[in-house]
Amino acid sequence: MATWVEKCQAALQRCLPGHNRSTTLNNLAISLYDRFKQRGVPSDLDEAIELFRAALLICPLGHSDRPTSLNNLGMGLYDRFKQRGVPSDLDEAIELFRVALLICPLGHFDRPTSLNNLGTGLYDRFKQRGVPSDLGEAIELQRATLLICPPGHSLRPTSLNNLGLSLYDRFKERGVPSDLDEAIELHRATLLICPPGHSLRPTSLNNLGLSLYDRFKERGVPFDLDEAIELFRAALLICPPSHDLRLASLNNLGMGLYDRFKERGVPSDLDEAIELHRATLLICPPSHDLRLASLNNLGLSLHDRFKQRGVPSDLDEAIELFRAALLICPPDHSLRPTSLNNLGTGLHDRFKQRGVPSDLGEAIELHRATLLICPPGHSLRPTSLNNLGTSLSDRFKQRGVPSDLGEAIELQRATLLICPPGHSLRPTSLNNLGFSLYNKFEQRGVPSDLDEAIQLLRAALLLYTPGHSDRSMSLNSLALYLRTRFEQRGVPSDLDEAIELQRATLLICPPGRSLRPTSLNNLGLSLYSRFAQRGVPSDLDEAIQLLRAALLLYTPGHSDRSMSLNSLALCLRTRFEQRGALSDLDEAFRLYAQLSHVAHAVSREDLTAAKSWATSAEETNHDSVLVAYQTALKFLDQHITILSSSPLHFDVVRMATASLGMDAFSCSVRHGALTTAVEMMEQGRAVFWTHLARFRTPLDELSMSGDTGAALAEEIKQLSFRLRNVSDRSTEDPSSQIRQLTMQWEDVISRIRMLPDFPRFLLPPLFSDLQRSAEEGPVVIVNASQYSCDALIILSGQDPVHVPLHIAQTEVSELSSEFQSLSEQFGSSNQLYKLVTILRKLWHEVVDSVVQALKESKVHPGSRIWWCPTADFTLLPLHAAGPYEKKKDNLSDIYVSSYTPTLATLVRARQQVSGDASPQHFVAIGQGNPQGAKALEHVAPELAVVAQHLAPVVSVTSLADGDATVEGALDALNHNQWLHLACHGMPNRQQPFESSFAMRDGPLMIKDVIRSNWQNPQFAFLSACHTTVGGEMSPDESIHLAAAMQFSGFRSVIGSMWSVDDEVARQVVSAFYGNLVDGSGRLDCTRAAVALHKAVKSLRKKIPLEQQIVFVHIGV
């Protein structure tokens, strides 16, 4: 070829101007063009193009060579575009092909070439830019070419092939089945006239294979897939390592085999697919168009092999390949949705295997990103909706946040709507919606949810033919739902069907399948249920065998391991109770003991298992009971930590805590571990406030510990602020930001704990820390547990004092309910006798024993004491207990009572600096005419009384009527440390965060209060009704208005336990501030309890008993 180029160059040098120079230029250009196609040297192509241009310039209009010259220059530019991707080369080539066609009328020998070239150019421009008109015109041109290329014409194979390709792409664009069918016929015709050895045969084999492959994906006819695979094999055989089409042939055969595996589940198809995709990737350079698809395809095949055989390294490699694919996939690339989706799915599956929350959080972010770029009509939209729904459903299982489940169900219903019968994703969609409805049933207990889940799973199972890779999952889920329905309604046929389905699942889940442990576990549980119903011993024995086998397959860290362990332990305990073999009980507790070594971030299942351990240990009096409670409380802390501090997650917190802290306290007391009892009580109660308080930790000591400490203090301050802000946004899903910020938070905390003086930074406090709550007087914990009721007196510098209470939890609950009913009638009729009866019972059953113990501990009459009640005790007026008999002292005659929700809260309040030297600013806010509530006549006189008492010692700002708005109140609190608030209190016992103070323009809610960041607040008098009334279902969380003020920094708060009479409030307020102001010229919030005590005492003969005891003091 070099000789031919040199000859052409010599001919050009000899050619005089005007002596057929155009042909000579053309010949040299063609020789260089051919050399470029052989060797790929770019300069040969550039020189050829310049020579083609020169030839065209001297080839006049009407010259017989002009069409050839136009086509030659066009083909040179077209090939340069194919090599370098410069759009202007392609545009110019298309214009040259158009001009060539215009001067090639019907019958012209160059017309087929011109039609074909223009069609090819427009087709490639469509592939690059996606303009439908280019594709439409290309098809018309290719049809015209074919019409004038009869059998035997040299251009006929190319023409058939090109028209087939264009129709195939139009099918991909518009989905019209006839385009695909015609494309297949054209590719068959091409193959018939491309015998072995023909240059177009590899292309033809691949193109026919791809068209049949797509028809299989569209219509599911197995023969199409088998034929496609055979064609891809034939193409690969005639594409040696150096062949241009080898890469595509390897990739196509790999994809075909992968899809056949998905359809029929034959492992050898998957293994061969993986080898082919590895071979593709090896010869696919980083810049190659196919590299992105190749990374994704190998990743998908490995991911599926992991799902079949459970080898972790397959999944890890798949995730790395998906990450690499996403890195080289720009935002506007057509494969971007696929790349995002694949990585999200891989991470989701790794979460399911190993339980690392960050994998699931990242998966949800990726699926959200996929959905954003898959609008309605996009081919990946059903998959994207489905995957996001499934990920949210699994996060609900981990954290229990109802909004995750609600969104999952919406997404899965949307998926089903766009997956009509026949759609490949329909069975998966039916299955996943069924799973989420089952979870909803478990959460809310609505029978129709369970029935619908069963219907959906039955429909899915009909579509999963034997051999389908997802059939086992569908069988397993349907069996689980039927067993649950049996447990709800007791229909034996449901349970029998469940067992049959689970046996069928196990048969098609051989060792190595990722679903095998779940299948073993579920069959075991169903047999256990049948044993419980019918008492056949062999069912229980088989259940235990199956559950043992399942547990062996759940590796440490697997998200279902704790659930499996718990199930096996419960079965063993049941067998022990049936037959008395101690070995069963020992094995059950050896299993539970494994929970204390769990290191990974904790799910609800881990917490449930640890609680089950504690319950079993209590019921069998096992010596591991204290360790069980400690483990459960550790898990509770970790579980709450992975949630945001938003009130939206409060229901999850409430369900997670239940009676755990109270039962742990009772257990520790019964075992004589009194200091441990205090520590565990603090861990298990008011966990929402505790969690929130972590973001408000005073950092003065850390800031002053050196440069490193100061830098870390600033870092954690910024993170606290950002975490609070992102948690407050209830209108959007903040999970991705929370995930990132929480990881940063945990990193900073670990670095702080490495400093010499801060090894326990933000860890649950030790007794030595909590004992500081008693520095100014004893704190009395009063606890009600199903196992015992006890009081524990915390004293400064002494061991705690245990006071057994001779009352059962059920009696406390009844007394509390009786008092709540009575308090709703206060003010409407004379309830004095009933009230006194309750206060006497409180005295005799609870408070008198505590008073005797306080006196024995040398706590002198007149001293201050603090009550820290739990459970139903939180709703009872302990401060007002007494014999209510002549010549006998009530509690209020002996001690001055205050309350604290937790010991740590009181410690924090004591640590806050009062700012003795700084000016004191007091605001009195009154709203007597709130929006939507009845008027309060005595608010204005009450504010006047406050101003009258305080004006001599402090600057008082009054905010009333139109100025007492939500914004006005919050703004005033930013500038004042002392507060008096007179208005309606509006408790909401079902949704405690909605409890509020009634302002002129609407409610000032708890959630508004806790978002605030007030500077050094000291004291708040909440002259409003029900300000210490918390959630009905969660009294131990102390979610009420007074606690919110205390949490927000107020060291000392006065609130009310029930309705307050408007006029009585004015009298109490006047007497209170009269006692608070002394001769020092300053206000001191630590005098508030005594001032209230004296005020009430002075009004005893003037106001009813229920109004004397309605106000309580909380804090220092």
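## Ser1098 and helix 47

Ser1098 lies in helix 47, which spans residues 1088-1098; helices here are DSSP runs of H or I with at least four residues, numbered from the N terminus. This is a predicted model, in which local features need pLDDT of at least 70 and side-chain atom pairs count only at pLDDT 80 or more, while totals for chains, interfaces and linings use all residues. Residues are numbered from 1 along each chain as its sequence is written, and side-chain values use heavy atoms, with hydrogens and water left out.

Because its relative accessibility is 45%, Ser1098 counts as partly exposed, a class that falls between buried (under 20% relative accessible area) and exposed (over 50%), computed with a 1.4 Å probe on protein chains only. The C-alpha atom of Ser1098 is separated by 9.1 Å from that of Val1068, and the two residues are 30 residues apart along the chain.

## Two helix pairs

Helix 15 (residues 312-327) packs with helix 16 (residues 336-354) at an angle of about 150 degrees, and their axes are 9 Å apart; axes are lines fitted to C-alpha atoms, for helices over the stretch in contact, with angles running from 0 to 180 degrees between N-to-C directions. The two helices are therefore roughly antiparallel to each other, a term for angles over 145 degrees, whereas angles under 35 degrees count as roughly parallel. Residues of helix 15 including Leu315, Ile319 and Phe322 meet residues of helix 16, among them Leu340, Leu343 and Leu347, where contact means heavy atoms within 4.5 Å.

For helix 6 (residues 111-129) and helix 8 (residues 156-174), the axes come within 11 Å and cross at roughly 25 degrees, which makes helix 6 roughly parallel to helix 8. The contact involves, among others, Thr120, Tyr123 and Phe126 of helix 6 and Asn162, Leu165 and Asp169 of helix 8.

## Nonpolar cores

The largest nonpolar core has 132 residues, of which Trp867, Ile925, Phe997, Met1045, Phe1072 and Tyr1073 touch the most other members; such a core is a set of buried Ala, Val, Leu, Ile, Met, Phe, Trp, Tyr and Cys residues joined through side-chain atoms within 4.5 Å. Helix 39 (residues 832-856) contributes the largest share of this core, 12 residues.

Leaving aside residues up to four places away in sequence, Phe997 touches a set of residues that includes Leu981, Cys983, Leu1004, Leu1022 and Met1045.

Methods:
Angles under 35 degrees count as roughly parallel, over 145 as roughly antiparallel, 65 to 115 as roughly perpendicular and the rest as oblique.
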